[in-house]
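Q: Before we look at anything in detail, could you show me how to read pockets, cavities and domain interfaces in a model like this one?

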Amino acid sequence: MKLEEVLNRVPHLEIFGAKDLNISDLTFDSRKAVENSMYVAVKGTVSDGHDFINAAIENGAKAIVCEDLPKDLHEEITYISVKNSAKILGLLAANFYGNPSAKLNLIGITGTNGKTSTTTLLFDIFKILGFKSALISTVEYRIDEEIIPSTHTTPDIIRLNQILSQAVYEGCEYAFMEVSSHGIHQYRTEGLQFKIAGFTNITHDHLDYHKTFDEYIKTKKRFFDELSSEAIAITNVDDKNGLVMLQNTKAEKKTFAMKSMADFHGKITEVDFNGMLLNFNGKEFWTTLTGKFNAYNLLLAYAVAVECGFHADDILPAISQLTRVKGRFETFKSDGGIFFVVDYAHTPDALENILDSINEIRTKNERLITVFGCGGDRDVVKRPKMGKIATKKSTLAIITSDNPRTEDPAEIIKEIEAGVEPQFFSKYTSIPDRREAIKMAIKFAEPKDIVVVAGKGHETYQEINGVKHHFDDQETILELARLMSK
């Protein structure tokens, strides 16, 4: 692609060097620079891409985009001076890959909880409706039937445009994408044209990164602030910050809720472990998904489908065919009659939602045993909150390791224990080894009891001191339940 095409509508200060260039590739990693490529020097949280400009040139880069020009300019290299490389990268990537988001109906879902479930539900709904779609989620990236390994909730903006470009090539009409706060803050959605943006909810999470809850809210809000007037913004008005997301958006505003008046209103008529009877805007239907949080996710998915032009009479039968998202309220029974729930819940709000949903369904003749922990090198504020919630709402809580990363699991557990109220001291125990904690839960449980293993969901590893060890909650439960029933 010609340099002028890559720079189309990209604000830059000045160009030094030849302008008549053909750009072969685009990268912000100097190690991936190739002959005649464009290297974008981005100032990151760990390293500064400006330090690797010479390395990129040595690898063949012929165009350098940077905020700070090097002291010595190579005559055969073209330098493009910009104000914010990270932000500009999105516009460059969109141009280089032919603006694929403009050729798709791109739907972005943001919020603390429910992003993965809602995007996956939408992907499945539209597949049932007969459409090829792309999915970009924490669990996986998909282009119709093809599964691409997922590394981040929101991939880097170059990779994202590659995926969307491939989706266009494969004939997809829709793309459903999780939009994380990290992705928004790091401009990984810059240059994308969203048709619909959905907001699930916001609770305390990622404060290790955003530092304050206010900053976290502002970051989420920026996603809606930057929508075009042709887009549609759909928000959860049952969340106290739901309407905050719409304050400055130019997009058309829509709302959904279970408790408040809204454009899309939902109600749970019946609920048990096998599913729910729901009513959306006066129309009743059955789903095998269960729990209030799933009702919210389905309601947002329904709202998105309606705003895409589909009729309730087509959408609701499709929803009725949906199965549960991997690692999200996955349920199964052991041969010994113990009922297990595996869920990704790793925030106070998500854990409370899971336990509340189970407590609303169970008859109280069954005991509720919760195995959970908190990740290391992440938001420490939520740890005591989760200790308080789990011990208050469970018959027995077993505090264990999640992904301790570089932290001492025993110290993380102490911070969780600090939130346990005195009257619930007898309702918990701590076992740092996650396998042993699950084993204890199974040993303690009797037929018909409910064991929740929370925090990792779809993850198949446990990260300890920078090393990922294979660990799958569901696999571990089934193995231990089988061994212990002999």
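A: Let us start with a pocket: domain 1 (3-96) and domain 2 (98-321), whose bounds come from an automatic or database domain assignment, both give residues to the lining of the second largest pocket, so this pocket lies between them. The model is a predicted one, in which local features need pLDDT of at least 70 and side-chain atom pairs count only at pLDDT 80 or more, while totals for chains, interfaces and linings use all residues. Residues are numbered from 1 along each chain as its sequence is written, and side-chain values use heavy atoms, with hydrogens and water left out.

Q: How are a pocket and its lining defined, and how many residues line the second largest pocket?

A: On a 1 Å grid over the protein atoms alone, a pocket is an open set of points with protein on both sides within 12 Å along at least five of seven lines, a cavity is a set where a 1.4 Å probe fits but cannot get out, and lining residues have an atom within 4 Å of a point. Here 26 residues line the second largest pocket, and G191, L192, Q193, F194 and E226 lie nearest its centre. α3 (85-96) and α8 (213-225) each supply at least two lining residues, and α3 gives the most, with three.

Q: What does the chain hold by way of cavities of 30 Å³ or more, and which residues line the largest cavity?

A: There is one cavity of 30 Å³ or more, and the lining of the largest cavity consists of S117, L121, L289, N294, R324, V325 and R328.

Q: How should I read the interface between domain 2 and domain 3?

A: The size of an interface is often given as the accessible area lost when the parts come together. Buried area is here the accessible area (1.4 Å probe) that two parts lose on being put together, summed over both; between domain 2 and domain 3 (330-484) it is about 1500 Å², of which carbon and sulfur atoms give 65%. In terms of contact (heavy atoms within 4.5 Å), 17 residues of domain 2 meet 20 residues of domain 3.

Q: What is the mean pLDDT of the chain?

A: pLDDT is the predictor's confidence in each residue, from 0 to 100; its mean over the chain is 93, and 97% of the residues reach 70 or more. Over residues 206-210, however, the pLDDT is below 50.

Terms used:
Helices (H or I, at least four residues) and strands (E, at least two) are DSSP runs, numbered from the N terminus. Grid points are joined across faces, edges and corners, and a volume is the space filled by probe spheres set on the points.
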